[in-house]
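Colleague: Please take me through this structure, one region at a time.

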Amino acid sequence: MSSYAVLGDWGTSNLRLFRVQHGRITAQAEGPGIGEAGHQAEPAFAGAIAPWLEDGMPAEIRLCGMAGARDGWVEAPYAQCPAGAAAWRATAASFDWRGVPVSIMAGLTCDGADGVPDVMRGEETQIFGACALHPDLARGRHLIVLPGTHNKWTLVEDGRVLAFRTVPTGELFALLRDRSTLAPRDAAGDAEQEEAGFADGLARAGEGRLLTGLFAARSMRLRANKSADWASGYLSGLLIGCEIAEIRATLFHGDNVTLIGDPRLSARYAQALEAQGVRSRLLDGEACALAGLGFTEN
């Protein structure tokens, strides 16, 4: 048995694996997301770490994310909120793979005030990792936001996840951008135009008009000579701005938010939050995920 461990975040779109040895990350590997691998998750995982297996089998494997989904590798249960890190870790699915112990971390579930259930897989690892890396987040009450395809607005108190709300803003934006007439596909990649559109979208969101504001992405191109890049940015700003306004009316507590995730997308959320008078700070999503999986750098 080798002395290395494998830690991984297996999402819908991507598989990211880390080889950990003597308290250091010594190699990384990538593979297809669960959305592509599906019920062929086991051979996809084996293929991704094939070069490492030449040095021997790992001592253990720990994965989070959609690897534990119903159509993933092995279905992991959900821990019921309120949930702390210890209860969450105890709910992981455990099994042997070629003689190696594997843990697939549990997801989290909660019921909203409206009685509608909600779920997350993968983001909880980043949340508990953030609390481990930044002890101030494990004390008192905080709002932690994880932007992505399905954004998670999470209320954390003394290191326990009390409740959260999923907002599929990223998925809605992708549908409007790729499958509607509102944002044509002839964008040239003009960052300045896109940023101008984003600012205009935020301004329109401040008026609280989502549905009536959507068509401006098309009409402003036809009648005001706005570019496709402007329209893409405008849709993003409008959706994000309206998302924040809606959440502020329900789950929001205080005037400070912690953002965890992709730096570019998180920067947009920071800009949108600032436009509504809310401060924020950004944490690295990969570092938080690794800490949640138990990685401590020596």
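Modeller: I shall begin with helix 11 (residues 263–275), which lies across strand 11, strand 13 and strand 14 and runs at about 165° to strand 13. Helices (H or I, at least four residues) and strands (E, at least two) are DSSP runs, numbered from the N terminus. Axes are lines fitted to C-alpha atoms, for helices over the stretch in contact (heavy atoms within 4.5 Å). The angles run from 0 to 180 degrees between N-to-C directions.

Colleague: Before we continue, what should I keep in mind about the model?

Modeller: It is a predicted model: local features need pLDDT of at least 70 and side-chain atom pairs count only at pLDDT 80 or more, while totals for chains, interfaces and linings use all residues. Residues are numbered from 1 along each chain as its sequence is written, and side-chain values use heavy atoms, with hydrogens and water left out.

Colleague: Which strands does helix 10 lie across?

Modeller: Helix 10 lies across strand 11 and strand 12, at about 30° to strand 11. Helix 10 comprises 21 residues (228–248) and reaches 30 Å from its first C-alpha to its last, close to the 30 Å expected at 1.5 Å a residue; the expected span is 1.5 Å times one less than the number of residues.

Colleague: How many residues of helix 10 are buried?

Modeller: Of its 21 residues, 18 are buried, so helix 10 is largely enclosed by the rest of the structure. Buried means under 20% relative accessible area, exposed over 50%, and partly exposed in between (1.4 Å probe, protein chains only).

Colleague: And the five-strand sheet: in what order do its strands run?

Modeller: The order is 12-11-10-13-14, in an open sheet with mixed pairing. Strand 12 and strand 14 (279–284) are the edge strands, each pairing on one side only, and the twist averages 25° from one strand to the next. Two strands pair if DSSP finds at least two bridges between them. Strand 10 and strand 13 (residues 256–261) have three bridges and pair in the parallel sense; Val 145 has Leu 259 as its bridge partner in strand 13.

Colleague: Turning to packing, how many residues has the largest nonpolar core?

Modeller: It has 30 residues, and those with the most contacts inside it are Leu 108, Ile 127, Ile 144, Val 161, Phe 164 and Ile 260. Such a core is a set of buried Ala, Val, Leu, Ile, Met, Phe, Trp, Tyr and Cys residues joined through side-chain atoms within 4.5 Å. Helix 5 gives the largest share, four residues. Apart from this core lies another of 27 residues, including Ala 44, Ala 48, Leu 63 and Trp 73.

Colleague: What is Ile 144 in contact with?

Modeller: Beyond its neighbours within four places in sequence, Ile 144 touches Ile 127, Leu 137, Lys 152, Trp 153, Thr 154, Val 156, Thr 258 and Ile 260.

Colleague: Lastly, the backbone. Where is Pro 82 found?

Modeller: Pro 82 is in the loop between strand 5 (78–80) and helix 4 (85–90), and the peptide bond from Cys 81 to Pro 82 is cis, with omega near 0°. Arg 98, in the loop between strand 6 and strand 7 (100–104), has phi near 55°, a positive value in a residue other than glycine. Asp 158, in the loop between strand 11 (151–157) and strand 12, has a positive phi near 50°.
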